[in-house]
Amino acid sequence: MSEITMVEAIRQAMDEELARDENVFVIGEDVGVRGGVFRATQGLFEKYGEDRVIDSPLAELTIVGIGIGAAVYGKRPICEIQFADFIFPAFNQIISEAAKMFYRSNGQWSVPMVIRAPYGGGIGGGLYHSQSVEAFFTQVPGLKVVIPSNPYDAKGLLKSAVRDPNPVLFFEPKKGYRLIKGEVPEDDKEYTVPIGPAKVTREGQDLTVFAYGMMHHYAMGAAEAVAKEGIDVEVVDLRTLYPVDRETILASVQKTSKALIVHEANLTGGYGAEVAATIAEWGFMNLDAPVRRLAGPDVPAVPFSHPMEEWFMINPEKIADAIRDLAAF
Amino acid sequence: MPLSRELKQEMFWIMLLSRRLDERAWVLHRQGKIAFHISGIGQEAAQVGAVYAIEKGKDWLVPYYRDLAMVIAMGMSPTEFVKSLMGKAGEPTSGARQMPSHFSLRRANVLSHSAPVATQSPHASGIGLGIKLDGGDEVVLTTIGEGATSQGEWYEAVNFAAIHNLPVIFLVENNRYAISVPQEKQMAVSSAADKACGLGLPGIEVDGTHMFEVYDAVAEAVANARQGKGPSVIEAKLYRLTPHSSDDDDRSYRTREEVEEHKKQDPLIVMKDLFIEQGLMTEEAYHELEEKAKKRVDEAIEEAIRAPYPKGKEAATPVYAEEVRNV
Ligand SMILES: Cc1ncc(C[n+]2csc(CCOP(=O)(O)OP(=O)(O)O)c2C)c(N)n1
Ligand SMILES: [Mg+2]
């Protein structure tokens, strides 16, 4: 085992998948000689050449639309959207095409592709380099939506995504790219993490925090902080947002009887609403308190100026406060 | 390669069969037996000319909703088409999930397309990229209406194919209208082919009522594509002889005189006259073909009427590829 960063785990996953299967290729803006603006594809161009690490034109619908065509042909594209904020030009291709191709052809045509995109704020990126866009995709059958929170999962889940026969949206917490470090098996090229199951990442008795991506990282910190005060928090890393792992969510609520859902995307209609509804519908009898959501405020996006960005962003302190509040209920 | 006499006769047969099938779909709609029809009438010569320039079973077709004649040429049976009109079980495009004329035929490399126009164009370029990466010599033929070439999707698809020299033929079936909106309100150039120039490709225009003119142009583009000389944009000028769809009333945007004038250039009649003039077909042989087409269409309708509907609960799958039961 060696300790590496999130972005290095993602780079390794692509490197190993490119080596494993010659049908795999990477396409995106600046993924070639530049190695990606976040360095996620660093060294891949040199290693695999311009046919397998393709600098696309500056056009997201091209990246995804071309990926879909290549995928139905039999290739395994990994499409990089430079920032999740810029995925919307490709929205039509993702929603109307990638998600529906298999169903609409009654299983004749499948679209095995990965769309990777860095998401999230707290990096001084302003409105258009900070968004969390997962909720636009977590109500679309045919897609899978994955958000890792640590290097081990990032590498293992990305490898599963590349091997998955369906379109997988893979959102990467960009603030965590270098901040979050963790152990990843060094020599085991065959380890993967399955798409689907959420994971209980911290056992506790008093309440459950449901989170993913950067907010999961923060939730773990917040759980440690309140532990000193005697609050015993369970943390669930949702990891695969769609399809929803209802079993793990409900099992944890059955155990702790209180639920707090945390995400940095806007509150209303956010992914937390689905988790809350899941608990209300099937876990109501286990609840000792109303389900709580701690989420980004309902303003259009994250503002640039630091104090305003701080106001918007969820951080470990805000999570700890919400935990204390719920624990006291 | 010049077309053999037999192949030319086969092409005429496909045109005729598709026309009679298409006409009967309008009748079925008027009889209340189907809910919707969108027609290829007037566009068959271009479609058949183009599709005979690619190799069945090897090359790829990424069509749009007017391409009935193309898809019949690729091997969809009239019965299969009528089943799709009726939403019957086992129709091969979508298992009756999609509206009629949203084509797909996996066994013939005909890719499924959706309703939002121009979404298919990038897929054609993506297939072209796959072919290039694998070092193959297959080509992709993709079609679109002139109105839909206004969408960014089309420009982006042609741009990408041009950059990477991909084996893709972009055929624009310019029937002058996008529902009610005429070409002049769609583009400031006289042909969608002119737009190709800005993307680094020569734009080619052909008379879409003449099957062999279209064939020649597409065949040349196919030969270029196979030799690694890259993509082509070809516009076939033609005219939509029916309303946009069974939900449209075209009297609000074009005069009957205009339509009547174009009926004189109906590609089926133009081709029939040409075939007789060139000794490719006798008047007698033509009548036999008409009989045969009527019989095929009658049989198709009978079979489709007898076919069962899918069960409602079949709609629950297949959402993800893991679920598939070996189709
Ligand atoms: C994105 C999108 N917008 C609107 C429509 C509705 N619509 C269907 S066909 C059509 C006109 C298409 O015209 P053209 O591309 O010229 O093809 P034609 O029907 O004339 O063959 C319109 C507006 C659609 N299907 N997709
Ligand atoms: Mg048109």
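Guide: Take β10(A), which pairs with strand β11 (residues 233-237) of chain A in the parallel sense, over five bridges. Pairing requires at least two DSSP bridges between two strands. Strands (E, at least two residues) and helices (H or I, at least four) are DSSP runs, numbered from the N terminus. This is a predicted model: local features need pLDDT of at least 70, side-chain atom pairs count only at pLDDT 80 or more, and totals for chains, interfaces and linings use all residues. Residues are numbered from 1 along each chain as its sequence is written, chains are lettered from A and ligands numbered from 1 in the order in which they are written, and side-chain values use heavy atoms, without hydrogens or water.

Opposite A:Val209 stands A:Val235 of β11(A). Strand β13 (residues 259-266) of chain A also runs parallel to β10(A), joined by three bridges. There, A:Leu260 is the bridge partner of A:Val209.

Five of the five residues of β10(A) (residues 207-211) are buried, so the strand is largely enclosed by the rest of the structure. Buried means under 20% relative accessible area (1.4 Å probe, protein chains only). A:Leu207, A:Val209 and A:Ala211 point one way; A:Thr208 and A:Phe210 point the other. In a regular strand, side chains alternate between the two faces of the sheet.

Key. Buried means under 20% relative accessible area, exposed over 50%, partly exposed in between (1.4 Å probe, protein chains only).
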